[in-house]
Amino acid sequence: MKHVLRLGTLTAVGALALTGCGNDGNGNGAESAEGLEICYVAAAESHAYASPANAAFQEAAEEHGVHVTLLSQEFDAQTGTDQLRTCIGRNPDGIVLWPLDPQAYIPGLVEAQDADIPVVLINSPMDEDAEGLYTSFTGPDTYEQGVMAAEVMHEELGGEGQIVIIAGQAGNGTTIGRTDGFNNMLEELGSEIEVLQTVNADFDQQRALELSRDLISRHGDALDGVYANDDTMARGFVDAWTESGRELDDMPAIVGINGQQDAFAGIEEGYYTATIVQSPEEDGRLALETIVSAATGEEVDTRIPIPLTVVTQENVADEEPAF
Amino acid sequence: MNTLKRVFESPAVLTLIHYRVVVILIATLFLSVSLVPGLTEFRTLSLSLDRTATLGVVAVGLTVVLLMGKLDLSVGSTLALSGIATIGLQDQLGPFGAAVAGIVVGVLAGVLNGFLVVTLQINSLVATLASMIFLRALCHFLTDSNPISGDDPLFGLTVSRALGGTFSLRTYVFLIAILLLFIWLTYTVAGRRLYAVGSNEHAATASGIRSNRYLFGAFVFSGFTAGAAGVMQSLATNTGSPAFGEATALTAIAAVVIGGTRLEGGRGSALGTLGGVLVLAAITTTLEYESVPTYYQNIVTGSILLLLILLDRIASNSPRSALSLNSLLSFGKRDETPTEKKQEGKVP
Amino acid sequence: MTSAATLPPRVTEEKTANKILGWIALPVGILALLVIGSLLSEQFFTTRNLTNVLINMSIVGIIVVGMTFVFIVRGLADLSVPAMVAIGALLTLSLQPSLGSLVGALVGILAASAAGLINGLFIGYFRLNPVITTLATGTIVLGIAQAAVGGVIVYGDDPALQSFLTGRIILGIPTIVLIFLAVAVGGHLLLSQTIFGRWVYAAGSNPDATKASAVPLNFTKAAAFWMTATLSGFSGVLLALTLQTARPGIGTGYEFDAITAVVVGGVSLLGGFGNVPRAIGGLLLVTLLSNIMVLNGIPTASQGLVMGALIAGAVALDVYLRRRGGAA
């Protein structure tokens, strides 16, 4: 499809020649990967997790001599469904899609299949209905993160207690995955943990801070735990807690997700129970390598997870914060 | 300052300013074609248009509201709500019945806005801000903040798939909507009265036009088009999501204004809106093709918007005179042309 | 708009009853909420909760003061607020390591202020439409801010300043609330006691008459937008310093929050009428309502049903009373 040999491709080819086929696993794939055209529909471009993931994706692409067209949905699934079609229209060798909705991309995926373009999902899963329409789903699983968070919370509270959930933006795929995974797992564990209230703080620290003040007024010392859909919002709760004149030592069990620096600091100091860390770099790189394999005709697994690590006081010294 | 003035007063420049929408459109299209290989291929063109169709249909309705000197911020929420109806009622009404229900939801949202603005006399900016917040919350309330999906993902493909190797159904809907709007605004009495009401409501009322009816109708029309866009969007994605359409209202307003419609009312055209939508589509396609980050796209779009309203200001009174240019360059002085006085008194 | 020209100027006498109703509607609403809140939840009428309401108001409150000027001067609304908040916040924390918090904060405010000058120039002197102008400048400024930091979270490291701002130094009132109150009082005095304040009312109530008098219409309008941008930048600085993190999306939605507060306070979009205490009263009402809804477990995303109805109801009442008043 692409007749234009780009300067970037040239330098990348040079780099590839020097390093050889350094990437294990797709040694022969890398050779024919040169000049592949990949269309990447990313979640956003200006975001703490998405930005490093995109950068790693691009970097891995350069190593493979692959040209990437990056389209950013800016967290708007509606934009994303249209961008997926734009991608298909360009007839690339492969498409990487970051789904922000479990369903909305399915008609687009059908078209990609008709056009024989392999699609790899990065970072977030889609519904069962989408199975068979994409080649592989790589990266962490927001639902799985919720499940792990529930396990930690269940263990920390000894199976019973009262908690609140500070969720992200209502209707957002990540929010739904992380919240449903958590609630369903609690049920599966037969946990006696009661969710007193769920609020949406839109992944925003200030919003979480404001809502947490009200939550603390309402539930106060009855709270045994707080589960936040990300560490940013968990931090909002922590600030509201100390602001209310309470001690860090009396803090309810705090479980967040993402593995941010300040969550790590909190875990080290002992007032933050756990965060779940995933590497955005690994996320981006894995997706690129998988689509390259798929585009060069290699067999790939339909599910390639990246390791999710629950960081608690036990292992905080050995892990690296994601950002 | 004098040289600047001379440059601006030269006939060539004034002509350029007069046809600024066309000039910008040609410039962006030219850049797009030279930067994006294969853009002229029919398939690429067809897809670009398909992508912009939803926004375009919303913009058609907004054109009428804006040229009446009003605003409608609620179109994004209306789009989401009618999409939810289109998918959520499929079991009860069947896919076609549900699509009709989606459009009815849009019309009802328009009636709500008309009631707030015309009957209760609330300023349109505030009224549609209220309905934007209300309808968005209604979407979340009805769906419990979870996107809902229809039974048959393939049903909606007809909406977005190219028909017989040409354009997609929704592209045709958009183009036909522009054509109908053009005919309506240019060749019908009702259409010309819209301009009369838009440029001076009281004068229009005094001359026997029922201004309030036209105002009410404009909001219903805008609700109708937003509803239609919501139906197309939800069918194309087989999803009704409470999060759809969050960026739609401001982008659509930007497209309409780039197309030469004035927020003060009384000026605007169907072809201008077509131009505005195409300018945005061309910018997006080109910059995305070059993988330019979205925030640079925002800087470009914002600058074009600013440039066009500035040019509109320069050309606002009579395109061939430099009267308004004088007032622009001699800021600080308080003398004004009579026409400007009238505009100053008008608030959308 | 319709009512603007048909109504006689505000100086004409209104029916006393309507006038009184117009004045007491807001305090009555706030009182009613206090009673309802206390009935619904034990935790509501406590010093701690009411202090929380005040803190929750502070950040947006500073923007509300500026937005009030924009409304009164008949400038419609300033949609560039989120961008100004973002550059204020991002610059403060990105410059903190090299220049320190205070200099960083100053640069942040100055940057927002400079962008506000552009708004003022275009709207006040070039007479561009405020809605579309601030939409455009906001898009550009936010784009630049995102390009500058590449989208990552900027972390701050000044816990001392953070605890000073959120700490309760005088009478148990947090510093940030005191700052907000100082800005509100300053804005109120500027509007009610100075020549500039008179210009603001004059510019908003009747532009034609204003031109005949010695009021610098362009300057006044420009100044209102410059003020709002500067205060938004300041608000962003305070956000960054109290959170010690910042990201480009930090101010999302603040423009509509501020507009909602001003409108619920009964300040008219048609200009020439309203004051800072009213707008702050509107903010208090909205914040109390949201507090009560959270305390009673109403889902966050559905609270807009009440909020939307409140905005429409408040403005409809306002318009009704004024039309009745004008008919007298």
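## Helix α9 of chain B

In helix α9 of chain B, the buried residues are B:Arg170, B:Thr171, B:Val173, B:Phe174, B:Ala177, B:Ile178, B:Leu181 and B:Leu185; a residue counts as buried if 20 or more other C-beta atoms lie within 10 Å of its own, as exposed if 12 or fewer do, and as partly exposed in between, with C-beta atoms placed from the backbone. These residues lie on the same side of α9(B), because they cover an arc of only 160 degrees around the axis, the arc being that of the directions from the helix axis to the C-beta atoms. An α-helix has 3.6 residues a turn, so residues three or four places apart point the same way. The face turned away from the buried side of α9(B) carries the exposed residues B:Ile176, B:Leu180, B:Ile183, B:Thr186 and B:Tyr187.

The model is predicted: local features need pLDDT of at least 70 and side-chain atom pairs count only at pLDDT 80 or more, whereas totals for chains, interfaces and linings use all residues. Residues are numbered from 1 along each chain as its sequence is written, while chains are lettered from A and ligands numbered from 1 in the order in which they are written.

## Span and packing of α9(B)

The helix comprises 19 residues (169–187) and reaches 26 Å from its first C-alpha to its last, close to the 27 Å expected at 1.5 Å a residue; the expected span is 1.5 Å times one less than the number of residues. Its buried residues pack against α4 (42–67), α8 (157–160), α10 (189–199), α12 (211–237) and α14 (270–289) of chain B, where contact requires C-beta atoms, placed from the backbone, to lie within 7 Å.

## Overall form of chain A

Chain A contains 11 helices and 12 strands, defined as DSSP runs (helices H or I, at least four residues; strands E, at least two) numbered from the N terminus. The C-alpha atoms fill a box of roughly 65 × 40 × 35 Å along the principal axes. Buried residues account for 65% of the 323 residues in chain A. Of the contacts between residues at least 6 apart in sequence, 77% join residues at least 24 apart.

## Strand β1 of chain A

Strand β1 (residues 37–42) of chain A is largely enclosed by the rest of the structure, because 5 of its 6 residues are buried. Pairing requires at least two DSSP bridges between two strands. β1(A) pairs in the parallel sense with strand β2 (residues 67–72) over 6 bridges, and A:Val41 has A:Leu71 in β2(A) as its bridge partner. A further 4 bridges join β1(A) to strand β3 (residues 94–97), also in parallel; here A:Ile38 is partnered by A:Gly94.

Technical notes
Two residues are in contact if their C-beta atoms, placed from the backbone, lie within 7 Å.
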